[in-house]
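Here is a short report on selected sites in one structure. Please keep the sequence and the coordinates at hand while reading.

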Amino acid sequence: MSTRVYTLPVEQTRWRVDGGAETVFTWEYDEGRDRLLNLYEKGKSKQWNSRERIDWSIPVDKDNPIGGPEAYVPIYGSDIWDRMGQQDRNRLFHHMASWQFSQFLHGEQGALICASKIVQTVPDIDSKFYAATQVVDEARHVETYSRFLQEKLELAYPINQHLKALLDDVVTDSRWDMTYLGMQVLIEGLALAAFGLIRDIAENSLARAVNAYVMEDEARHVAFGRLALRDLYPQLSQRERDEREEFCVDACYLMRDRFLAEELWANLGLPVDECLEYVGTSEAQMQFRSLLFTRIVPTLKDIGLFGDRVRRAFGDMGVLGYSEVDLDTVMAADERAAGEIDAARQRQVDATIAAATA
Ligand SMILES: [Fe+2]
Ligand SMILES: [Fe+2]
């Protein structure tokens, strides 16, 4: 993506991180674990081409890019919103979508880097195989979000400071499981929920397709994290598990706070404190932030990081109830949703051809 569309010059936000990880070779090429190899087969066969699968000719209205209801705006219903004229509201819709998709884009680049780091650091060959398919998936996701921002929104935001702090922790940690935990379970788990909200409320079919197709891949990535960590964590000492739980708790607060969108309000010249106060306490926004945890909570329970510390934090955030969500059911629904969009597009293509040849 050209950097012309950024709200800040790219030189001001350039970022280099010392990864400090150990690269591991393995000579055991035939040690396959069935479930991981199945996932690898699926990863290979489900590759898609962003240029072909997505209909990029669909127009996007900058005044409401995803075509969502007004209630979707975090400050909807506040005095600030009530005082705004239609033009300012349109501008807010445009900036909000570009802020949101920009964070998805930067998160996807983080995933690309983490997946390639997993290829290097994970000890077994079948995990290296699977992670290699994820590297390609993440490159496509970066390509797709970048194109959406560049061509359709013509505006992009730098990385959010909370997301950056979390990515920094994940990328600098040299332990391979921390890359999985931070990226595959926490960042991707939260991204899945956020993509899902857009997919389900978007009236714009391009915005819906982009998120649905990315989600179809992300479901495999989260499954990969679960498979790897479910085997490992029961073997760790209590102290090691505690340390990981503490990391999860800190990360969950960071991720929740990134959705307060501080820099968005500042960039639009709105009263930041007033916006944060409203977004932080509005019932609808609290509900929205809690929905972001629908994937993370059951996953942490599944991999065995669900001690007192984690349960207390989730209780405090009001998201403990999601521990009962059945992950396999929601992941299957994500795959179905992408398939339905493909089918609808195929019907449209068939109808166009039929009309042209009638
Ligand atoms: Fe991704
Ligand atoms: Fe991913």
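Arg140 is buried, with a relative accessible area of 7%; buried means under 20% relative accessible area, exposed over 50%, and partly exposed in between (1.4 Å probe, protein chains only). Arg140 belongs to helix α5. Helices (H or I, at least four residues) are DSSP runs, numbered from the N terminus, as are strands (E, at least two).

The model is a predicted one: local features need pLDDT of at least 70, side-chain atom pairs count only at pLDDT 80 or more, and totals for chains, interfaces and linings use all residues. Residues are numbered from 1 along each chain as its sequence is written, chains are lettered from A and ligands numbered from 1 in the order in which they are written, and side-chain values use heavy atoms, with hydrogens and water left out.

**Around Arg140**

The side chain of Arg140 makes a polar contact with the side chain of Gln47, at 2.9 Å. A polar contact is a pair of N or O atoms within 3.5 Å; within protein, one must be able to donate a hydrogen and the other to accept it, and residues adjacent in sequence count only if both atoms are side-chain atoms. Leaving aside neighbours within four places in sequence, Arg140 is in contact (heavy atoms within 4.5 Å) with Gln47, Trp48 and Asp217.

The criterion is NZ of Lys or CZ of Arg within 6 Å of the ring centre and within 35 degrees of the ring normal. Arg53 is placed over the face of Tyr213, at 3.7 Å from the ring centre.

**The two iron ions**

Which residue bridges the iron ion (ligand 1) and the iron ion (ligand 2)? Glu138 does, and the ions lie 3.1 Å apart. The table lists the protein donors of each ion. Donors are N, O and S atoms within 2.8 Å of the metal (3.2 Å for Na, K and Ca); water is not among the atoms, so sites may look incomplete.

| Ion | Protein donors | Distance from ion |
|---|---|---|
| iron ion (ligand 1) | Glu108 (OE), Glu138 (OE), His141 (ND1), Glu218 (OE) | 1.9 to 2.2 Å |
| iron ion (ligand 2) | Glu138 (OE), Glu188 (OE), Glu218 (OE), His221 (ND1) | 1.9 to 2.1 Å |

The site of the iron ion (ligand 1) is irregular, with angles of 88 to 143 degrees among its four donor atoms. Four donors count as tetrahedral if all angles lie between 85 and 135 degrees; four count as square planar and six as octahedral if opposite donors are over 155 degrees apart and all others between 65 and 115; anything else is irregular. Along the chain, the donor residues of the iron ion (ligand 1) are spaced E-x29-E-x2-H-x76-E. Here Glu138 in helix α5 (residues 125-153) and Glu218 in helix α8 (residues 205-232) link distant parts of the chain, 80 residues apart.

Glu138 is buried at 0% relative accessibility. Glu218 is buried too, at 1%.

The site of the iron ion (ligand 2) is irregular as well, its four donor atoms making angles of 80 to 159 degrees. Its donors follow the spacing E-x49-E-x29-E-x2-H. Glu138 lies in helix α5 and His221 in helix α8, so this pair ties together parts that are 83 residues apart in sequence. His221 is buried, with a relative accessible area of 0%.

**Aromatic pairs**

The whole structure holds 16 aromatic pairs. In one of them, the ring centres of Phe101 and Phe104 are 5.7 Å apart and the planes stand at 65 degrees, so the pair is edge-to-face. Rings of Phe, Tyr and Trp (its six-membered ring) pair if their centres lie within 6.5 Å; planes under 30 degrees apart count as stacked, over 60 as edge-to-face and the rest as tilted.

Phe101 and Phe104 are three residues apart in helix α4 (residues 86-121), separated by about one helical turn. Both are buried. Ring pairs link Phe101, Phe104, Tyr145, Phe148 and Phe195 into a cluster.

Ala97 is found in helix α4. Its relative accessible area is 4%, so Ala97 is buried. Beyond four places in sequence, Ala97 is in contact with Pro65 and Leu153.

Asp177 lies in helix α7 (residues 176-201) and counts as buried at 5% relative accessibility. Its side chain makes a polar contact with the side chain of Tyr233, at 2.6 Å.
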